[in-house]
Amino acid sequence: MAWRELGRKSIHASALRILTSKAFRDTALRSNLLSSSVGRIRGYTSNSALLGDDTLGFLKSRFLVRRFHASPRLLKRGDEDIVGLQKRKTGKFKKRPAANAKPPCEAPYVPPKLQKNGKPSSDKTIEIFEGMTTLELAKRCGQSVATLQSMLVNVGEKVGSEFDPLGIDIAELIAMEVGVNVKRLYSYEGSIVLPRAPVVTVMGHVDHGKTSLLDALRQTSVAAKEAGGITQHLGAFVVGMTSGASITFLDTPGHAAFSAMRARGAAVTDIVVLVVAADDGVMPQTLEAMSHAKSADVPIVVAINKCDKPASDPERVKVQLASEGLPLEEMGGDVQVVEVSAVTKKGLDKLEEALLLQAELMDLKARVDGVAQAYVVEARLDRGRGPLATALVKAGTLVCGQHVAVGAEWGKIRAIRDTAGKLTGEATPAMPVEIEGLKGLPMAGDDIIVVDSEERARMLSEGRKKKLERDRLRKMDEENKLEQEKRRQKEEKKQELERRRKDGEEISDSEIIEDEPKRVELPIIVKADVQGTVQAVTDSLKTLNSPQVFVNVIHVGVGPICQSDLDLAQAAKACIIGFNVRTPPTSLSLAAAQANIKIKIHKVIYHLLEDIGNFIVEKAPGKFETEVAGEAQILNIFELKGRSKAKGADVKIAGCKVMDGHVSRSCTMRLLRSGEVVFEGCCVSLKRDTQDVETVQKGNECGLVLRDCLDFQIGDVIQCLHQVNKKPKFISSESGAVRIEC
């Protein structure tokens with residue numbers, strides 16, 4: 001029994017030493033120590049069972065059974081001081097707070113704000129290319145990979161790894177869904193790159209001979225076909241030069257209203273020909289064309305036209321261009337200058353030589369195979385063929401039968417025609433063509449993107465329409481917020497001035513805020529022959545907005561005026577404007593007259609803007625202002641005293657002579673003495689030669705009586721004041737720019 005007791009004591013001491021050691025507190029070693037201790041205990045219990053010992057009594061002991069799996073803090077027994085263990089803290093239990101007790105913090109609960117992935121501004125533009133991964137697209141868009149993958153699932157694409165390549169169409173669709181603009185990059189690796197013809201845009205001021213110069217180069221007469229003798233469309237032509245080379249020309253209008261057309265021409269061109277009339281010099285649209293060319297980083301060749309006229313002065317034009325910052329070759333710069341005449345065809349060979357030299361220096365090349373890149377120059381609606389788009393191919397080959405997405409529209413190319421109207425199967429780089437087969441009319445300036453299938457084209461079109469609608473709503477929301485902010489600031493300033501007025505502070509005239517005049521809304525429907533002209537007319541009408549009249553273009557369209565336009569005008573009480581469209585049928589005109597709807601048809605932009613400007617002036621409510629209708633000087637004073645009660649009190653009559661304008665009894669009178677206002681009131685009596693009159697004209701004498709005014713002196717001046725309703729003025733400059741001045 002002694003050896004058994006000795007074994008029990010050794011196990012007890014070993015377990016106590018392990019459990020109270022520093023190593024036991026280390027969680028990394030605790031499992032190993034416990035497993036080894038349990039093994040020793042199991043070995044002891046099995047041996048004890050074989051020897052017939054009472055092992056249950058040992059296992060029921062407080063140390064092994066009750067304390068084996070407890071923490072070191074609970075191993076303390078009684079008042080024993082064990083090294084490394086802390087005493088258990090004892091204390092009273094806290095009572096639960098009553099149900100009606102106040103909370104420990106009286107501040108209201110504010111729920112946390114949900115973190116949303118903020119969409120970038122629609123002004124942001126990213127570059128996409130074929131084969132870019134989801135991770136690259138997410139970094140450029142500023143979104144997480146998971147967000148883009150959820151969008152891929154929504155459009156029906158399989159979602160794999162974030163390093164899987166994406167098609168360029170899918171990448172554009174996802175980027176538009178995020179809310180950013182995209183720019184496609186095409187690779188030239190493995191493509192056939194060949195020299196191409198230069199694209200030359202002719203720009204300049206109105207009536208400086210741009211179209212006449214092109215007619216002289218290609219021996220046609222396009223200028224004679226334009227209404228009013230001025231170009232009002234953006235035209236594209238291929239001209240075969242005498243040297244055998246071909247040049248693609250873009251003819252832009254010079255009127256101020258067609259600024260967007262000139263900007264589109266400069267964006268797609270290789271060389272800009274700046275036409276300046278030798279007898280007129282540098283004009284506003286000349287400077288605008290220079291700024292468009294500089295912003296597009298396009299080289300300029302100056303053509304000084306009308307050198308055959310007696311009043312021509314090319315040297316003066318050169319000095320003006322140099323003073324505007326254009327480095328001419330004659331003055332040490334790199335801009336070529338050619339003196340030409342469209343009438344006598346003088347200098348046309350030199351102009352051709354200058355253009356080909358500039359093109360050779362630029363080394364213009366483009367890939368011929370692969371997906372085509374094209375640009376919409378103009379778009380129109382044909383009655384028999386439907387929507388037509390004039391396109392200029394930048395690179396690749398546009399083939400008949402391909403599915404395309406053009407801006408927010410899509411379709412399958414049904415036919416391709418060249419500038420002569422002949423059918424062709426394909427369009428190569430720098431070749432202007434007219435394509436048909438689109439489902440809708442695209443906007444001038446849209447890119448033409450070739451896709452694999454009809455489904456992909458429809459998908460891109462719908463995505464672009466959604467983005468355009470989001471951008472439109474966002475812009476409207478920003479404008480409304482800006483308007484509300486202005487109103488709030490104005491109201492706060494009025495309240496501040498009112499407070500200062502009550503406090504007795506002096507307020508200057510410049511600080512006084514005048515109430516805004518009543519503003520009338522003028523709804524307008526615009527119909528034109530081509531998409532670019534619609535945009536030009538709409539932009540010009542918006543410049544006619546004034547504080548009194550708001551021009552609201554509620555609908556625009558391409559094509560003739562139809563019954564749906566009349567119904568919309570009747571519902572919105574709008575005016576219909578037709579530009580370069582045929583006169584509506586008699587039945588439609590009669591229906592418009594019965595509904596009191598005005599239809600204005602014009603073919604020249606000058607006449608259109610002038611007519612609409614005068615119409616806006618008529619609709620304006622005007623602003624009433626006080627003006628001096630006439631002045632009379634007091635020459636003598638007459639007094640009537642001792643009058644009866646029936647006739648009234650004593651009266652002072654001012655004998656006057658009208659020096660300027662006229663004097664009316666119904667107007668307000670102002671008495672001036674040494675330039676200062678002494679009295680202001682109404683006229684009681686106005687007589688001329690003992691006769692009561694209503695008005696006395698300049699140069700006549702009269703006698704007048706002012707109510708409650710007896711302080712007359714000889715030499716005083718009496719002014720006759722009346723209220724005048726001042727209407728806005730329609731102002732048109734020489735360049736064609738128009739505005740409404742209030």
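In helix H7 (residues 145-154), the residues Val145, Thr147, Leu148, Met151 and Leu152 are buried. Viewed down the axis of H7, these buried residues fall within an arc of 160°, so they line one face of the helix; the arc is that of the directions from the helix axis to the C-beta atoms. An α-helix has 3.6 residues a turn, so residues three or four places apart point the same way. Ala146, Val153 and Asn154, on the other side of H7, are exposed. Buried means under 20% relative accessible area, exposed over 50%, and partly exposed in between (1.4 Å probe, protein chains only). The cover over the buried residues of H7 includes helix H6 (134-141) and helix H8 (168-178). Just after H7, glycine 156 adopts a positive phi of about 85°.

The model is predicted: local features need pLDDT of at least 70, side-chain atom pairs count only at pLDDT 80 or more, and totals for chains, interfaces and linings use all residues. Residues are numbered from 1 along each chain as its sequence is written, and side-chain values use heavy atoms, with hydrogens and water left out. Helices (H or I, at least four residues) and strands (E, at least two) are DSSP runs, numbered from the N terminus.

Lysine 210 lies in helix H9 (residues 210-218). The residue is buried, with a relative accessible area of 6%. A polar atom of the lysine 210 side chain lies 2.7 Å from the backbone oxygen of histidine 205.

Strand E15 (residues 409-417) takes part in several pairings; two strands pair if DSSP finds at least two bridges between them. Strand E14 (residues 403-406) pairs with E15 in the antiparallel sense over 4 bridges, and histidine 403 stands opposite lysine 412 in E15. The hairpin of E14 and E15 has 2 residues between the strands, and glycine 407 there takes a positive phi near 60°. E15 also pairs in the antiparallel sense with strand E18 (residues 432-438), over 4 bridges; alanine 415 stands opposite glutamate 436 in E18. Strand E16 (residues 423-424) runs antiparallel to E15 and is joined to E15 by 2 bridges, with threonine 424 of E16 as the bridge partner of isoleucine 416. In the hairpin of E15 and E16, which has 5 residues between the strands, glycine 421 has a positive phi near 90°.

Strand E26 (residues 668-673) is joined by 6 bridges to strand E27 (residues 676-688), and the two run antiparallel. Leucine 672 stands opposite valine 677 in E27. The hairpin of E26 and E27 has 2 residues between the strands, and serine 674 in this hairpin takes a positive phi near 60°. E26 pairs with E31 as well, in the antiparallel sense over 5 bridges, and methionine 669 stands opposite cysteine 720 in E31.

Glutamine 713 is located in the loop between strand E30 (701-706) and strand E31 (717-726). At 39% relative accessibility, glutamine 713 counts as partly exposed. Leaving out residues up to four places away in sequence, glutamine 713 touches Ile634, Ile637 and Arg673 (contact means heavy atoms within 4.5 Å). Isoleucine 637 is 76 residues from glutamine 713 in sequence, with a C-alpha to C-alpha distance of 7.4 Å.

Note on methods:
Polar contact = N/O pair within 3.5 Å; in protein donor to acceptor, adjacent residues only side chain to side chain.
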